[in-house]
Amino acid sequence: MDDAQLYGLVILRVIIGWHILYEGVSKLINPYWSSAAYLLDSKWIFSGLAKIIVSNPTLLTISDYLNMWGLTLVGFCLLLGIFSKQASVGGMIFISLYYLFAPPLLGLEYARPGEGSYIIVNKNLIEIFALYVLYHFPTSHLIGLDRFILKWK
């Protein structure tokens, strides 16, 4: 891997980490945030599961906390380059769930305004595959806190 590739991958890891961290922290600091509206607007294969989660206060609370803290932790790890392979997997899982609960497929209409007009490929799908690349080409052992953990071991 040459320097340009390394720096490109590091920048990709940092900006995805920032995006995911921001999504998590913005949910944490908003006392009124809940995943209920997103889940109620769910279409396609997970819409039944979404309705079950929203109808059960305990499951909804678990969903909210997993979202808030999971996104924050994944974003923090990617941003700092610590446990970045595990964070890449966690990010792929989170974002895949968001994609599957509200996929951009023809004929599916959502109540919340979209960011654009998509068919199959949206920012979530792109970010999933960017995280896939980061998983297979980790950079945190060179530029990130994982470098210090490897030296310590």
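**Entry 1: H1 and H6**

I record here that the model I am reading is a predicted one. Helix H1 covers residues 3-28, and I found that its axis and the axis of H6 come within 10 Å and cross at roughly 130°. H1 and H6 are therefore oblique to each other.

I then listed the residues that make this contact. From H1 I wrote down Leu9, Leu12, Arg13, Ile16, His19 and Ile20. From H6 I wrote down Lys123, Glu127, Ala130, Leu131, Val133 and Leu134. Sorted by class, the contact of H1 with H6 has eight nonpolar residues, one polar residue and three charged residues.

**Entry 2: The chain as a whole**

I next looked up the secondary structure and counted seven helices and zero strands in the protein chain. Along the sequence I read the pattern α-α-α-α-α-α-α. For the extent of the protein chain, I noted that its C-alpha trace spans about 50 × 35 × 20 Å along the principal axes.

**Entry 3: H5 and H6**

Which residues belong to H5, and which to H6? I found residues 84-101 in helix H5 and residues 123-136 in helix H6. The two helices pack at an angle of about 160°, and their axes lie 9 Å apart. An angle over 145 degrees counts as roughly antiparallel, and H5 and H6 are therefore roughly antiparallel to each other. I also noted a left-handed crossing where H5 passes H6.

On the H5 side of the contact I listed Lys85, Ser88, Val89, Gly91, Met92, Ile95, Ser96, Tyr98 and Tyr99. These meet Asn124, Leu125, Glu127, Ile128, Leu131, Tyr132, Leu134 and Tyr135 in H6. By class, I recorded eleven nonpolar, four polar and two charged residues in the contact of H5 with H6.

**Entry 4: H4 and H5**

I turned to helix H4, which runs over residues 57-80. The axes of H4 and H5 come within 9 Å and cross at roughly 140°. That angle makes H4 oblique to H5. I noted that the crossing of H4 and H5 is left-handed.

The H4 residues in this contact are Leu66, Asn67, Gly70, Leu71, Val74, Cys77 and Leu78. Those from H5 are Ser84, Ala87, Ser88, Gly90, Gly91, Phe94 and Tyr98. How many charged residues does the contact of H4 with H5 have? I found no charged residues there, with eight nonpolar and six polar.

**Entry 5: The cavity**

I counted one cavity of 30 Å³ or more. The largest cavity holds about 40 Å³ of space. Its lining consists of Arg13, Leu78, Ser84, Lys85, Ser88, Leu134, Pro138, Thr139 and Ser140.

Which helix gives the largest share of the lining of the largest cavity? I found that H5 does, with three residues. By class, I sorted the lining of the largest cavity into three nonpolar, four polar and two charged residues.

I compared this lining with my earlier lists. Ser88 lines the largest cavity, and Ser88 of H5 also takes part in the contact with H4 and in the contact with H6. Leu134 likewise lines the largest cavity, and Leu134 of H6 is in contact with H1 and with H5. Arg13 is in the lining and is one of the H1 residues that make the contact with H6.

Definitions and conventions. Residues are numbered from 1 along each chain as its sequence is written. This is a predicted model: local features need pLDDT of at least 70, side-chain atom pairs count only at pLDDT 80 or more; totals for chains, interfaces and linings use all residues. Side-chain values use heavy atoms; hydrogens and water are left out. Axes are lines fitted to C-alpha atoms, for helices over the stretch in contact, and angles run from 0 to 180 degrees between N-to-C directions. Helices (H or I, at least four residues) and strands (E, at least two) are DSSP runs, numbered from the N terminus. Angles under 35 degrees count as roughly parallel, over 145 as roughly antiparallel, 65 to 115 as roughly perpendicular and the rest as oblique. A crossing is left-handed if the near helix is turned anticlockwise from the far one by less than a right angle, and right-handed if clockwise. Contact means heavy atoms within 4.5 Å. Ala, Val, Leu, Ile, Met, Phe, Trp, Tyr, Cys and Pro count as nonpolar, Asp, Glu, Lys and Arg as charged, and the others, Gly among them, as polar. On a 1 Å grid over the protein atoms alone, a cavity is a set of points where a 1.4 Å probe fits but cannot get out, and a pocket is an open set with protein on both sides within 12 Å along at least five of seven lines; lining residues have an atom within 4 Å of a point. Grid points are joined across faces, edges and corners, and a volume is the space filled by probe spheres set on the points.
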